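Colleague: Could you take me through this model slowly, and tell me what stands behind each word you use for it?

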Amino acid sequence: MEGMGGDRDRHLGRRGLLIGGLGAAAGAAALGRGIWDHLSGGGTPHGKDTVDGAVDFTGAQWAAASPANYRSADRPHDYAIDRVVIHTVQGSYAMALRVFADPAHAAAAHYVVRRDGKVAQTVRELDVAFHAGNRFYNEHSIGIEHEGFVDRASSFTDAMYRSSARLTADICARYEIPVDRQHIIGHVEVPGADHTDPGPYWDWAWYVRLVRKAREGSRP
C-alpha cells in the first residue's frame, strides 16, 4: 500500500482530492450501481452476487471499502483478469481496513492478509480496485495487501505466506492465470509505479512455490 495511488484516469493523488470531489466520486459510484440495479432488478450482469457480506474467496471476512476507492465493473466480462499484484501495507491489518473504508484515501486493494493468515476482502473481484496506481493494471488485476513493513523481514510470517498463496492460487484457478512471475507481480513492478512494496524481504521463490502447490491441490 506504500504510496498507493488510484486510477491514472483521475489525474489526482489521494492527498490532493477535495471534499467536494470525494462526494461526487462516491455519489457517482453509488448512482452507477443504483442505475444498474434499477434496470436489472438488482445484482450485476451475469448474475454475480453483490449482497453485503458476500465474498469471492471462501473463508475471507467481508470488510467493505468505500465506493470512492474502487470503480464498479463486471469483470472478467468487461476487463479480463490476468494478474495478481502483491502489496505490503506499511502498517497493520486493522489500519488497512480502516483507510480502505475512508473515501479520502482514494485507494483500496481487493484483499488484506494478516500476519496470522486471516484474510479480509474489501472490494469484490468483479470491481476495479484502485490499488496499482495504473489504470490498465487496476482494470486487469486483483490486488492483495499484506500486513507489515517493506523493511522488516519479520513482517512476513509462514502463516501469511501460506494463506496468501492459497488465495492467489484460488484466483489463478478461477481466472486461468498462469502461476509465474509474469502474472504474479509486486507493486514495485507496475509500470509507472514509484513504490517499493512488497519489498526486499518478500520471498518470491518460496511464495510462487506455495502458490503452485496450492494450485495443484485445487485441481480435481
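Modeller: Let us start with Glu139, which counts as buried because its relative accessibility is 8%, and buried means under 20% relative accessible area, exposed over 50% and partly exposed in between, with a 1.4 Å probe and protein chains only. This is a predicted model, in which local features need pLDDT of at least 70 and side-chain atom pairs count only at pLDDT 80 or more, while totals for chains, interfaces and linings use all residues. Residues are numbered from 1 along each chain as its sequence is written, and side-chain values use heavy atoms, with hydrogens and water left out.

Colleague: Where is Glu139 placed, and with which side chain does the side chain of Glu139 make a polar contact?

Modeller: Glu139 is placed in helix H3, residues 135–140, where helices (H or I, at least four residues) and strands (E, at least two) are DSSP runs numbered from the N terminus. The side chain of Glu139 makes a polar contact with that of Arg71 at 2.8 Å; the term stands for a pair of N or O atoms within 3.5 Å, and within protein one must be able to donate a hydrogen and the other to accept it, while residues adjacent in sequence count only if both atoms are side-chain atoms. Leaving aside neighbours within four places in sequence, Glu139 is in contact (heavy atoms within 4.5 Å) with Arg71, Arg75, Tyr79, Ala80 and Val128.

Colleague: Is Asn69 buried or exposed, and what does the side chain of Asn69 reach?

Modeller: Asn69 has a relative accessible area of 0%, and therefore it is buried. Asn69 lies in the loop between E1 and strand E2 (70–71), and its side chain reaches the backbone oxygen of Asp102 at 3.1 Å.

Colleague: Which residues of helix H2 are buried, and against which strands do the buried residues of H2 pack?

Modeller: In helix H2 (residues 93–100) the buried residues are Tyr93, Ala96, Leu97, Val99 and Phe100, and the buried residues of H2 pack against strands E1 (61–62), E4 (111–113), E5 (119–121) and E7 (141–146).

Colleague: Why are H4 and H5 called oblique to each other?

Modeller: Two packed helices are described by the angle between their axes and the distance between the axes. Helix H4 (residues 158–175) and helix H5 (residues 204–217) pack at an angle of about 55 degrees, with their axes 8 Å apart; the axes are lines fitted to C-alpha atoms, for helices over the stretch in contact, and angles run from 0 to 180 degrees between N-to-C directions. Angles under 35 degrees count as roughly parallel, over 145 as roughly antiparallel, 65 to 115 as roughly perpendicular and the rest as oblique, and H4 and H5 are therefore oblique to each other.

Colleague: What makes Leu210 buried, and why is Trp206 called partly exposed?

Modeller: Leu210 counts as buried because its relative accessibility is 7%, whereas Trp206 is partly exposed because its relative accessible area is 27%. Leu210 has its place in helix H5, and Trp206 lies in helix H5. Not counting residues up to four places away in sequence, Trp206 touches Asp158, Tyr161 and Arg162, while Leu210, with neighbours within four places left aside, is in contact with Tyr161, Arg162 and Ala165.

Colleague: How many helices and strands are there in the protein chain?

Modeller: The protein chain has five helices and eight strands, and buried residues make up 49% of its 220 residues.
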